[in-house]
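Please read these notes with the structure open beside you. They take up a few places in turn.

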Amino acid sequence: MLEIRDLTVRYGAFTALHALNLSVQRGEIVVLLGANGAGKSTLFRTLSGLQRPAGGTATWQGHSLTGGRPEQNVAHGVAQCPEGRLLFPELSVEKNLRLGAFVHRRDPAGTARELDRAYDLFPALIEKRHAPAGSLSGGQQQMVAIARALMARPQLLLLDEPSLGLAPLVVEQVFSAVQRVNETGVTVLLAEQNAFAALSIAHRGYVLEGGRLTLEGTQQALMTDDRVRSAYLGV
Ligand code: ATP
């Protein structure tokens, strides 16, 4: 499981995360709801080993994630799909995918197997495999970004705002793809502002406000919570 205890992250004098406690069991999809600036990306950067915490711990399957070696976190089974996708727009879809395998896996047979798995999960990418990633629609680019993160064969996928900038129908397609990924055994921690779409696929969730977790509950409890409904569901 992912276990986060008293995790505090500061940028200079500013505290972005205040002694966070959060856990994700293997096999779960857990959503982290929060507005812009709540600290979602800071948490993900910390879990990826890109940002050192000022205090506290984060472990996945007992391995510490806070030592500050991103490639080690990937080797321990944790991969991030960053906000804004960060694809190489001029490179083909397949080259983008291969880059996801590069850090971790250099054997050609393994990479070929992961590519096959990626196209199985995202069949729409097959006919686009030689197209520049930047020529794809927003939803397809998000699929490429997720598939690229999966090329490292993670056990835990950190997914930062996959619905950003996508039309509602496309958001639905992306989230159903996330659900398929989860069904292959990948645990998912999903940061989102789009509470409705995210909660529709999540088992549990947390609300992050100003760097503090203010609420946690099951999918059902959060969907029906008045604070969530007024802040994130627009009702
Ligand atoms: P968004 O969805 O807009 O990315 P977020 O919930 O991911 O929001 P973070 O990007 O984690 O939020 O930012 C949390 C807080 O930390 C914000 O107040 C932000 O201004 C601040 N912050 C983020 N990165 C830095 C940095 N490198 N230096 C100083 N402050 C930062």
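1. A residue is called buried when its relative accessible area is under 20%. Thr-8 has a relative accessibility of 13%, so Thr-8 counts as buried. Keep in mind throughout that this is a predicted model.

2. Where does Thr-8 sit? Its place is in strand E1, which runs over residues 2–11. The side chain of Thr-8 reaches the backbone nitrogen of Ala-19 at 3.0 Å.

3. Leu-33 belongs to strand E3, residues 29–33. Is Leu-33 buried or exposed? Its relative accessible area is 0%, and the cut-off for buried is under 20%, so Leu-33 is buried.

4. Ala-191 is 158 residues away from Leu-33 along the chain, yet the C-alpha atoms of the two are separated by 6.0 Å. Leaving aside neighbours within four places in sequence, the contacts of Leu-33 include Glu-192, Ala-195, Leu-199, Tyr-206, Val-207 and Leu-208. Lys-40, Val-228 and Tyr-232 are in contact with Leu-33 as well.

5. Lys-40 leads on to the ligand. There are 13 residues around the ligand, and those that come nearest are Gly-37, Gly-39, Lys-40, Ser-41 and Thr-42. A polar backbone atom of Gly-37 is 2.7 Å from an oxygen atom of the ligand. For a polar backbone atom of Lys-40, the distance to an oxygen atom of the ligand is 2.9 Å. Thr-42 uses its side chain instead: a polar atom there lies 2.5 Å from an oxygen atom of the ligand.

6. How much of the ligand's accessible area does the protein cover? On its own the ligand has 620 Å² of accessible area, and the protein covers 60% of this. Strand E2 (14–24) and helix H1 (40–47) are the elements that give two or more residues to the shell. H1 gives the most, with 3 residues. By class, the shell has 5 nonpolar, 5 polar and 3 charged residues.

7. Helix H5 covers residues 138–150, 13 residues in all. From its first C-alpha to its last it reaches 19 Å, close to the 18 Å expected at 1.5 Å a residue. Of the 13 residues of H5, 11 are buried, so the helix is largely enclosed by the rest of the structure. Among the buried ones are Gly-139, Met-143, Ile-146, Arg-148 and Leu-150.

Notes: Residues numbered from 1 in each chain as written. Predicted model: local features only at pLDDT ≥ 70, side-chain atom pairs only at ≥ 80, totals over all residues. Heavy atoms only, no water. Near = heavy atom within 4 Å. Polar contact = N/O pair within 3.5 Å; in protein donor to acceptor, adjacent residues only side chain to side chain. Areas by Shrake-Rupley, 256 points an atom, 1.4 Å probe, with all protein chains shown as cover. Helix = DSSP H or I, 4+ residues; strand = E, 2+ residues; numbered from the N terminus. Nonpolar A, V, L, I, M, F, W, Y, C, P; charged D, E, K, R; others polar. Buried < 20%, exposed > 50% of the residue type's maximum accessible area, 1.4 Å probe, protein only. Contact = heavy atoms within 4.5 Å. Expected span 1.5 Å × (residues − 1).
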